[in-house]
Amino acid sequence: MPKKITIHLASPRGFCAGVDRAIEIVKKTIIKYGTPVYVRHEIVHNKYVVEDLKKQGVIFVEDLNEIKDKTRPVIFSAHGVPKSVPEAAKLEKIFFIDATCPLVSKVHREAEQLNKNNFQILLIGHANHPEVIGTMGQLPKNSVHLIETKEEAEFYKHNNKKKLAYITQTTLSVEDTAEIISLLKKKFPEIQGPKREDICYATTNRQLAVKKIAPLCDIIYVIGSKNSSNSLRLVEVAKRSGCKNVFLVDSKEESEIENILECKNIGITSGASAPEKLIHDLINKIKNKNEVEVREIKVANEKVSFKLPKILN
Ligand code: SF4
């Protein structure tokens with residue numbers, strides 16, 4: 001007899017406006033300029049998306065030096081790039097299109113403005129993430145000090161006469177970041193922050209949604225790739241919100257459905273760079289052997305969309 005299972009489907013989940021735009025930029029560039037099209041770094045951190053674009057004629061590189069045919073268009077990924085990258089492309093007369101998410105560009109502009117106004121900038125974020133490299137790379141070396149943890153905030157010493165300000169990566173844990181900011185504010189009451197917070201709407205909403213389903217679930221699958229910052233944060237938030245068994249999976253193939261026969265309540269969500277198709281594939285796989293009721297739990301309506309660069313219109 002098939003087993004009765006309830007799937008608690010978090011909403012919002014999956015693609016955000018910045019990811020949608022970045023993928024659209026690649027597709028429109030292929031239509032307008034033909035293939036191959038180069039993309040510097042994974043356009044978004046998702047294995048499925050990257051493999052699919054490779055099949056359509058995209059060559060992914062980590063560095064402009066790897067580009068064999070410099071007459072072909074190059075796209076910069078949604079995570080943003082240090083200023084040195086477009087500068088180098090211009091020097092080499094490489095035609096490039098920037099797919100940096102406008103919400104990441106907003107943080108870049110904040111950093112530039114603060115630097116212009118002689119602030120010491122603290123960037124809350126994860127070392128080596130391309131977004132952090134891109135944001136730090138908007139300014140001369142050592143203009144931005146990276147804070148990764150509460151401990152680092154606690155021990156930070158402000159050794160110069162500059163005023164102090166903080167900015168953040170867009171895909172952080174809302175709760176962890178709030179704790180770091182509150183610590184910094186306690187230590188440095190004069191510290192300034194962005195007018196509108198830097199953690200983006202998509203990150204915030206996906207975390208709120210998984211928080212809501214976590215207490216109802218025996219197991220949660222977060223669909224997303226291992227290098228996707230916002231997906232990793234969803235795993236942490238789900239665990240912290242009451243579900244012990246939380247797995248980050250790239251696709252249905254990685255979900256060991258056979259092992260969850262004891263589970264009556266399965267939660268599913270996906271990171272901002274994971275296509276909805278992967279969600280449906282996983283649900284269908286569970287439906288294969290079980291009697292399934294899908295309950296979608298919605299915590300926000302998202303109506304954000306971003307314009308494409310003019311050159312592609
Ligand atoms: S997660 Fe946020 S910052 Fe990143 S691409 Fe999506 S909307 Fe932009």
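This is a predicted model: local features need pLDDT of at least 70, side-chain atom pairs count only at pLDDT 80 or more; totals for chains, interfaces and linings use all residues.
**View 1. Salt bridge between E175 and K211.** The two side chains meet with an N to O distance of 2.6 Å. E175 belongs to helix α7 (residues 174-187) and K211 to helix α8 (residues 201-213), so the contact ties together parts that lie 36 residues apart in sequence. E175 is partly exposed, because its relative accessibility is 36%. K211 also counts as partly exposed, at 36% relative accessibility.

**View 2. Salt bridge between R240 and E175.** The closest N and O atoms of this pair are 3.6 Å apart. R240 is in helix α9 (residues 229-240) and E175 in helix α7, and the pair links distant parts of the chain, 65 residues apart. R240 has a relative accessible area of 44%, so this residue is classed as partly exposed.

**View 3. Salt bridge between R206 and E302.** Here the N to O distance between the side chains is 2.8 Å. R206 lies in helix α8, whereas E302 lies in the segment after β12 (290-298); the pair therefore ties together parts that are 96 residues apart in sequence. R206 is buried, because its relative accessibility is 1%, and the cut-off for buried is under 20%. E302, with a relative accessible area of 28%, is partly exposed.

**View 4. Network of E175, D176, K211 and R240.** Salt bridges that share partners join these four residues into one network. Among the contacts in this view are the one between E175 and K211, at 2.6 Å, and the one between R240 and E175, at 3.6 Å. E175 is in helix α7 and K211 in helix α8, while R240 is in helix α9. In the model as a whole, the count comes to 18 salt bridges.

**View 5. Negative surface patch of E148, E151, E152 and E154.** These four glutamates form the patch. E148 is placed in the loop between β7 (144-147) and α6 (150-155). Its relative accessibility is 32%, so E148 counts as partly exposed.

Terms used
Residues are numbered from 1 along each chain as its sequence is written. Side-chain values use heavy atoms; hydrogens and water are left out. Patches are made of residues with over 30% relative accessible area and no salt bridge: like charges are joined within 9 Å, nonpolar side chains (Val, Leu, Ile, Met, Phe, Trp, Tyr) within 5 Å. Accessible areas come from the Shrake-Rupley method with a 1.4 Å probe; for residues, only the protein chains shown count as cover. Lys and Arg count as positive and Asp and Glu as negative; His and the chain ends are not counted. The place of a charge is taken as NZ of Lys, CZ of Arg, CG of Asp or CD of Glu. Helices (H or I, at least four residues) and strands (E, at least two) are DSSP runs, numbered from the N terminus. Buried means under 20% relative accessible area, exposed over 50%, partly exposed in between (1.4 Å probe, protein chains only).
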